[in-house]
Amino acid sequence: MEITLKFPYKTAAGVQLNAVTASRLKVRHIKRISEQAGGKPDRIELLGVATMIGLVEEDLDDMDAADYQVLKERFLDCLGITGTGVAGGGDPGAMVPVPAQ
C-alpha cells in the first residue's frame with residue numbers, strides 16, 4: 001500500500017521521500033523488532049514503522065510528526081492494537097468457551 005507523505009523529506013542517506021510503501025509484517029519481523037527493541041515500547045514502535053516501510057530507524061528522524069502518526073497507526077492496526085485492523089476483516093467474533101474434559 002503506497003502512502004503519500006504530506007510533508008516529503010530527505011532521509012539520513014539523502015534520499016528524497018515523497019511516498020512510502022507499507023507492507024504487511026510477518027511474525028519473523030515482529031520477533032526481530034522485539035529483540036532489537038529490548039522490550040522498550042517506543043523502540044518497538046519506531047522499529048516497527050521503519051520495518052513496515054523498508055527503512056532503517058534513523059531514516060525516520062526527519063519525518064514530519066503528522067506523517068509518522070499515520071504510519072504508526074497503520075503499524076498498530078497490523079498488530080491489532082487499535083482494534084480497527086487492516087486485515088480486511090473487522091471483529092473476528094466472540095470467543096466460545098469450551099468446557100474442560
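Author: Helices (H or I, at least four residues) and strands (E, at least two) are DSSP runs, numbered from the N terminus. This is a predicted model, in which local features need pLDDT of at least 70 and side-chain atom pairs count only at pLDDT 80 or more, while totals for chains, interfaces and linings use all residues. Residues are numbered from 1 along each chain as its sequence is written, and side-chain values use heavy atoms, with hydrogens and water left out.

Reader: What is the mean pLDDT of the protein chain, and which residues fall below 50?

Author: The mean pLDDT (the predictor's confidence in each residue, from 0 to 100) is 86, and 81% of the residues reach 70 or more. Over residues 87-93 the pLDDT is below 50, and this stretch has 1 contact in the model beyond near neighbours in sequence. Contact means heavy atoms within 4.5 Å.

Reader: What makes Glu57 a buried residue?

Author: Buried means under 20% relative accessible area, exposed over 50%, and partly exposed in between (1.4 Å probe, protein chains only). Glu57 has a relative accessible area of 17%, and therefore it is buried. Glu57 is placed in the loop between H2 and H3. Leaving aside neighbours within four places in sequence, Glu57 is in contact with Arg43, Leu46, Leu47 and Ala50.

Reader: Why is the pair of Arg43 and Glu57 called a salt bridge?

Author: The term requires a side-chain nitrogen of Lys or Arg within 4 Å of a carboxyl oxygen of Asp or Glu. In this pair the closest N and O atoms are 2.8 Å apart, and Arg43 forms a salt bridge with Glu57. Arg43 lies in helix H2 and Glu57 in the loop between H2 and H3, so the pair ties together parts that are 14 residues apart in sequence. A search of the whole structure finds 1 salt bridge. Arg43 has a relative accessible area of 27%, and so it counts as partly exposed.

Reader: How do you know that the buried residues of H1 are on the same side?

Author: The buried residues in H1 (residues 27-37) are His29, Ile33 and Ala37. They cover an arc of only 60 degrees around the axis, which means that they are on the same side of H1; the arc is that of the directions from the helix axis to the C-beta atoms. The buried residues of H1 pack against helix H2 (41-52). On the face turned away from the buried side are the exposed residues Val27, Arg28, Lys31 and Glu35.

Reader: Is Ile81 buried or exposed, and where is Ile81 found?

Author: Its relative accessible area is 57%, so Ile81 is exposed. Ile81 is found in the segment after helix H3 (65-79).

Reader: What makes Asn18 partly exposed, and which residues does Asn18 touch?

Author: Asn18 has a relative accessible area of 42%, and it is therefore partly exposed. Asn18 lies in strand S2 (residues 16-21). Not counting residues up to four places away in sequence, Asn18 touches Thr4, Leu5 and Pro8. The C-alpha atoms of Asn18 and Phe7, 11 residues apart along the chain, are separated by 7.6 Å.
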